[in-house]
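Let's take a walk through this one together.

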Amino acid sequence: MSDDVLLKVEGLKVHFPVLSKGFFARQVGAVKAVDGLDLEVRRGEVVGLVGESGCGKSTTGRALLRLVPLTGGKVVFDGVDLGELKGEELRKMRRRVQIIFQDPYASLNPRMTVGDIIAEPLAAHGLVKDAKERQTRAQALMERCGLDPSFVRRYPHEFSGGQRQRIGIARALASDPDFIVCDEPISALDVSIQAQILNLLKELARERNLSYVFIAHDLSAVRHISDRIAVMYLGRIVETGTFDQICDDPKHPYTQALVSAIPVPDPVIERRRKRIVLQGDVPSPLNPPTGCTFHTRCPVAREGKCQSEAPTLRTVNDRLVSCHFAEEIGDLTGRSE
Amino acid sequence: MSDVLLSVEDLQTHFHTEYGTVKAVNGVSFEVKRGEIMGLVGESGSGKSVTNLSILRLVPTPPGEYAGGRIMFDGQDLLTLPEHTLRSYRGNRIAMIFQDPMTSLTPYMRVSRQITEVLELHQKMTRTQAKKRAIELLEMVGIPDPAGRVDSWPHEFSGGMRQRVMIAMALACRPELLLADEPTTALDVTIQAQILELIRELAREHGTAVIMVTHDLGVVAGIADHVSVMYGGRIVERAPVEPLFANPQHPYTKGLLASVPRLDSRGELTPIPGSPPDLSDLPPGCAFAPRCEAVMDKCAKQPGWYGEPTLGKRCWLGEA
């Protein structure tokens, strides 16, 4: 990992319009899926993007590839603003940024052979002109991803969930990208298979100096693969830091609650742990709370500032936190350290 | 009255399909005491959910068939009980919480009606009494403004709220046994923490026995007293929760624990090679043998149970 920044996201906004009924539909509101997000990914770095369902993490992932239109803000990849690119230039850039999807059943075309699926990026970007050569490349990628290369002519339905996810990974690698968005690549898999895929992704990142944004709702999985973790809540980053900072000494009250809510497979530790049980549900991104969006569920929200003023990401104890009172609240689980 | 509330003995639930007989549950035995929370752990296709469904005889027959065994609940075999008697148990003495709160509530019935239905049927309450009790139940499971929300429709609730409604329905008649099938899998972790807390409280305060089916070892560690680990339609290891995690005996349990990412450590993950078995084509011997590190010649034959009924494993390694 080097210091040079590969991807820089500034004030990213993705809003989905809500229309009134009828033919002359007017826009009556917007789902603010991502609403002012800042993020940096260095070359060779794995950033875990964590949050609950509906917090905008998948939309962020898609916005990084410009698979959804950006409402505001900038996504700068290797010095180039992706928002400015059009047509051929955008297509060329997409060779370098790839995505691995969550659902290995829905993300592979059932009518294509595995070889054709994996070779498609090579054909689409005109990287390898010869069809035979493409199949050979596909076989090499299959082998690297732990699949038997002799299955190159088989169809996706002949593979198990874990194997299909390997096909998705091989396809993402085909165009030799610098950066891959992994959108919950293990959450649809069986427990004993998840570790296989996590380890494969980790090896590949090291081997090819890849950068990932690894999206997940499960902080423990992210911890195993990420160099840095960014925690999202309602379309914004609330805290970023190293895995130790986030998992062992979280500062934002939401991160603290999230970490305390994740069960640890050890009954002795479980019995000792104190949980911060948050009240209620995540508010609707259609109409997010004013001020700090977390104040409606925050156990230490204060009258005034939290309701009226949105906090920005600022440095607290060597990491970025967006909370007005990050220095004062301390550890909410009451551990004394 | 004995301490043991439910005792499953050599249960066999099979499905007859065009591809052959799928032995989803293939000789499962366990006991649950009053007030005890038992975790039933396994991967998808290990037979844990079918075991749970079999207890209330909710497996559709055909294609399903209860091919053998007994399910003794408070001295009676649920598998041979006449349908109308069993019906008076369902939702009354034994209740169930399903995995998916989005699809397990009737969409065209108000929440109040879904809860009062069971109260009027089993407890012979009047509508007014039942409604009052429904409001109490919603309050108990932590729904804000229960009197105002009792007449809402299911789609007006979020996932976590619907799961609370499901739990309120399940608890309406103060069941002795609660069957929970992955009750938190569809929920976010902060909501999961709320629901688990609620189930724990119930077991403690009302003495309800709980069978908690899950694939999440973290959930089991936090909530269960006893754990049964299932693989390929059989229980392969059974132990109280602490020894199971501190000193797992079966190679599958060991492998599973080593392959799960943990929040409190960043050690290397050791995955279990291969994938789970095909239940329509189980090997004659140990189903885990093809993936097992410690596989021996003997594993081609089905191993017996080694140890106590509540602390032991199904593995040839146990034979001293």
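**Starting from one helix**

In H4(A), the buried residues are Arg134(A), Gln135(A), Ala138(A), Gln139(A), Leu141(A) and Met142(A). They sit on the same side of H4(A), because the arc they cover around the axis is only 165° (the arc being that of the directions from the helix axis to the C-beta atoms). Here "buried" is a neighbour count: 20 or more other C-beta atoms within 10 Å of the residue's own, with 12 or fewer making it exposed, anything in between partly exposed, and the C-beta atoms placed from the backbone. Helices (H or I, at least four residues) and strands (E, at least two) are DSSP runs, numbered from the N terminus.

Before going on, some bookkeeping: this is a predicted model, so local features need pLDDT of at least 70 and side-chain atom pairs count only at pLDDT 80 or more, while totals for chains, interfaces and linings use all residues. Residues are numbered from 1 along each chain as its sequence is written, and chains are lettered from A and ligands numbered from 1 in the order in which they are written.

Back to H4(A). What lies over its buried residues? Helix H3 (114–124) and helix H5 (161–174) of chain A are among the elements that cover them. On the face turned away from the buried side, H4(A) carries the exposed residues Lys132(A) and Glu133(A). (The expected span is 1.5 Å times one less than the number of residues.) After H4(A) comes Gly146(A), with a positive phi near 80°.

Now for a strand. All five residues of strand S7 (residues 179–183) of chain A are buried. Phe179(A), Val181(A) and Asp183(A) are on one side and Ile180(A) and Cys182(A) on the other, so both faces are covered. S7(A) pairs in the parallel sense with strand S6 (residues 97–100) of chain A over four bridges, where pairing takes at least two DSSP bridges between the strands. Across that pair, Val97(A) stands opposite Phe179(A). S7(A) also runs parallel to strand S8 (residues 211–216) of chain A, joined by five bridges, and there Val181(A) has Val213(A) as its bridge partner.

Zooming out, chain A has twelve helices and twelve strands, and 47% of its 337 residues are buried.

Where does chain A touch chain B? The contact takes 37 residues from each of chain A and chain B, with contact meaning C-beta atoms, placed from the backbone, within 7 Å. On the side of chain A, H6(A) gives the largest share, seven residues.

Last stop, chain B: Val236(B) lies in strand S10 (residues 234–240). Val236(B) counts as buried because 25 other C-beta atoms lie within 10 Å. Leaving aside neighbours within four places in sequence, its contacts include His250(B), Tyr252(B) and Phe288(B).

Note on methods:
Contact = placed C-beta atoms within 7 Å.
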